[in-house]
Amino acid sequence: QVQLVESGGGLVQAGGSLRLSCAASGTIVSINSMGWYRQTPGKQRELVAVITSTSRTNYADSVKGRFTISRDNGKNTVYLQMNSLKPEDTAIYYCNRQVPYNYWGRGTQVTVSS
C-alpha cells in the first residue's frame, strides 16, 4: 500500500526559503520518476518538479532557477528546496509519481506573504 507523507510547509515572507520532504512507503522513489505538485483552490493540480530514476530533473517555467528537487534513496524520501519564494507560490504541495498513483497524501501548505 502506497503512502506519501509530505511535510515542511509553513508561512514565509517573499524571498524566503522552505524545504519540503516527502517520505514514501509502499513504493521505491529511486526507481520511479517522482514529482512535486501544487494546487490552489479552484485550479488544477500543477506538476512543478520531477526527478527521474536516473536523477534527471525538470521544472515548470514558473519555478525554474528557484526550486530544486532531490531525493535520498536510503531514506526513500524526496525533497523540494524552494528559494526566492513568491506570493504566487502559495499552494498545497503534494508529491507523487510523475504518472501519479490514485492515492494522494494530505500535502503540506505553503503560504508566502508579500
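**Close-up views of a predicted model**

**View 1. Strands E7 and E8 pair in antiparallel fashion.** Strand E8 (residues 77-82) runs antiparallel to E7, and six bridges join the two. The model shown in this and the other views is predicted. Within the pairing, Thr68 has Gln81 of E8 opposite. The two strands belong to an open, antiparallel sheet of four strands, in the order E1-E3-E8-E7. Strand E1 (3-7) and strand E7 (67-72) are the edge strands of this sheet, each pairing on one side only. On average, neighbouring strands here are turned by 15° against each other, direction ignored.

**View 2. A second open sheet has six strands.** The order is E2-E10-E9-E4-E5-E6, and the pairing is mixed. Strand E2 (10-13) and strand E6 (57-59) stand at the edges; each has a single partner strand, so one side of each is left without a neighbour in the sheet. From one strand to the next, the twist averages 25°. E4 and strand E5 (residues 46-51) run antiparallel and are joined by five bridges. Tyr37 has Leu47 as its bridge partner in E5.

**View 3. One disulfide is present in the structure.** The disulfide joins Cys22 to Cys95, with an S to S distance of 1.7 Å. Cys22 and Cys95 are both buried.

**View 4. Tyr37, Tyr94 and Trp104 form a cluster linked by ring pairs.** A pair of aromatic rings is described by the distance of the centres and the angle of the planes. The structure has two aromatic pairs. Tyr37 and Trp104 make an edge-to-face pair, with 5.0 Å from centre to centre and 85° between the planes. This pair links distant parts of the chain, 67 residues apart: Tyr37 is in strand E4 (residues 34-39), and Trp104 is in the loop between strand E9 (91-97) and strand E10 (108-113). Tyr94 and Trp104 also form an edge-to-face pair, at 5.9 Å centre to centre and 85° between the planes. Tyr94 lies in strand E9 and Trp104 in the loop between E9 and E10, so this pair ties together parts that are ten residues apart in sequence. Tyr37 has a relative accessible area of 7%, so Tyr37 is buried. Tyr94, with a relative accessible area of 9%, is buried as well.

**View 5. Arginine side chains lie over tyrosine rings.** The charged end of Arg45 sits over the ring of Tyr94, 4.3 Å from the ring centre. Tyr94 is also a member of the ring cluster with Tyr37 and Trp104. Elsewhere, Arg19 lies over the face of Tyr79, at 4.0 Å from the ring centre.

**View 6. Salt bridges link Arg38, Glu46, Arg66 and Asp89 into a network.** Arg38 forms a salt bridge with Glu46, where the closest N and O atoms are 3.0 Å apart. Glu46 has a relative accessible area of 29% and is therefore partly exposed. Arg38 has 8% relative accessibility, so Arg38 counts as buried. Arg38 also forms a salt bridge with Asp89, the closest N and O atoms being 2.9 Å apart. This pair links distant parts of the chain: Asp89 is in the loop between E8 and E9 and Arg38 in strand E4, 51 residues apart. Asp89, like Arg38, is buried.

**View 7. Asp61 and Lys64 form a salt bridge.** The closest N and O atoms of Asp61 and Lys64 are 3.1 Å apart. Asp61 counts as exposed because its relative accessibility is 67%, and exposed means over 50%. In total, the structure holds four salt bridges.

Technical notes: Residues numbered from 1 in each chain as written. Predicted model: local features only at pLDDT ≥ 70, side-chain atom pairs only at ≥ 80, totals over all residues. Heavy atoms only, no water. Phe/Tyr/Trp six-rings, centres within 6.5 Å; stacked < 30°, edge-to-face > 60°. Buried < 20%, exposed > 50% of the residue type's maximum accessible area, 1.4 Å probe, protein only. Lys NZ or Arg CZ within 6 Å of the ring centre and 35° of its normal. Pairing = 2+ DSSP bridges. Axes fitted to C-alpha atoms, helices over the stretch in contact; angles between N-to-C directions. Disulfide = S-S within 2.5 Å. Salt bridge = Lys/Arg side-chain N within 4 Å of Asp/Glu carboxyl O.
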